[in-house]
Amino acid sequence: HVQLVESGGGSVQVGGSLSLSCKVSGYSRGCMAWFRQAPGKEREGIAGIDDGGSTYYVDSVKGRFTISKDSVKKILHLEMNSLKREETAMYYCAADLSLACRPAVLHSDHYFFNYWGPGTQVTVS
């Protein structure tokens, strides 16, 4: 069984940076991704990374966010730079063992991910 727990959320000023982490316990093969959801908004994909190490980003964060994973420590990271007020949201770590990572993230197919962390709040103000 896979368990995910996010950390690193908090308050950050507009234009600032924040790094999120997702501790992975158990089997963690497949696609790992970051999603976010603001109140009243649909949960949207941000970035993903597959078993081969390929990374995928939605256009809105490309060039500002970086997803990476530490296979030894079993931690998924998301570095966020130049944060915008509208990016205030609950940020979630997600994983799936067989899901095609790129389309799931780029199309915000959150329904297809079987494993989720409880989320960590990011407030940009």
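Figure 1. The structure is a predicted model. Cys22 and Cys93 form a disulfide in which the sulfur atoms are 2.2 Å apart. The link between Cys22 and Cys93 is left-handed, with -80° about the S-S bond. Cys22 belongs to strand β3 (residues 18–25) and Cys93 to strand β9, so the pair ties together parts that lie 71 residues apart in sequence.

**Figure 2. A disulfide joins Cys31 and Cys101.** The sulfur atoms of Cys31 and Cys101 are 2.1 Å apart. With 60° about the S-S bond, the link of Cys31 and Cys101 is right-handed. The pair links distant parts of the chain, since Cys31 is in strand β4 and Cys101 is in helix α1, 70 residues apart. Cys31 has a relative accessibility of 0% and therefore counts as buried. Cys101 is also buried, at a relative accessible area of 5%. A search of the whole structure finds 2 disulfides. When the bonded cysteines of the chain are numbered in sequence order, the pairing is 1-3, 2-4.

**Figure 3. Phe35 and Phe113 form an edge-to-face aromatic pair.** A search of the whole structure finds 4 aromatic pairs. In the pair shown here, the ring centres of Phe35 and Phe113 are 5.2 Å apart and the ring planes stand at 75°, so the arrangement is edge-to-face. Phe35 lies in strand β4 (residues 31–37), whereas Phe113 lies in the loop between α1 (101–106) and β10 (115–116), so the pair ties together parts that are 78 residues apart in sequence. Phe35 counts as buried because its relative accessibility is 0%. Phe113 is buried as well, with a relative accessible area of 4%.

**Figure 4. Tyr92 and Trp116 form an edge-to-face aromatic pair.** The rings of Tyr92 and Trp116 have centres 6.2 Å apart and planes at 85°, so the pair is classed as edge-to-face. This pair links distant parts of the chain: Tyr92 is in strand β9 (residues 89–96) and Trp116 is in strand β10, 24 residues apart. Tyr92 has a relative accessibility of 13% and counts as buried, whereas Trp116, with a relative accessible area of 25%, is partly exposed. Phe35, Tyr92, Phe113 and Trp116 together form one aromatic cluster.

**Figure 5. Arg43 lies over the faces of two rings, those of Tyr92 and Trp116.** The distance from Arg43 to the ring centre of Tyr92 is 3.9 Å. For Trp116, Arg43 is at 4.7 Å from the ring centre. Tyr92 and Trp116 both belong to the aromatic cluster that includes Phe35 and Phe113.

**Figure 6. Leu83 is a buried residue in the loop between β8 (75–80) and β9.** At a relative accessibility of 1%, Leu83 falls under the 20% limit and therefore counts as buried. Leaving aside residues up to four places away in sequence, Leu83 touches Val12, Val14, Gly15, Gly16, Ser17, Leu18, Arg64, Phe65 and Val124. The C-alpha atoms of Leu83 and Pro118 are separated by 22 Å, and the two residues are 35 residues apart along the chain.

Notes: Residues are numbered from 1 along each chain as its sequence is written. This is a predicted model: local features need pLDDT of at least 70, side-chain atom pairs count only at pLDDT 80 or more; totals for chains, interfaces and linings use all residues. Side-chain values use heavy atoms; hydrogens and water are left out. Rings of Phe, Tyr and Trp (its six-membered ring) pair if their centres lie within 6.5 Å; planes under 30 degrees apart count as stacked, over 60 as edge-to-face and the rest as tilted. Helices (H or I, at least four residues) and strands (E, at least two) are DSSP runs, numbered from the N terminus. Buried means under 20% relative accessible area, exposed over 50%, partly exposed in between (1.4 Å probe, protein chains only). A charge sits over a ring if NZ of Lys or CZ of Arg is within 6 Å of the ring centre and within 35 degrees of the ring normal. A disulfide is a pair of cysteine sulfur atoms within 2.5 Å. Contact means heavy atoms within 4.5 Å.
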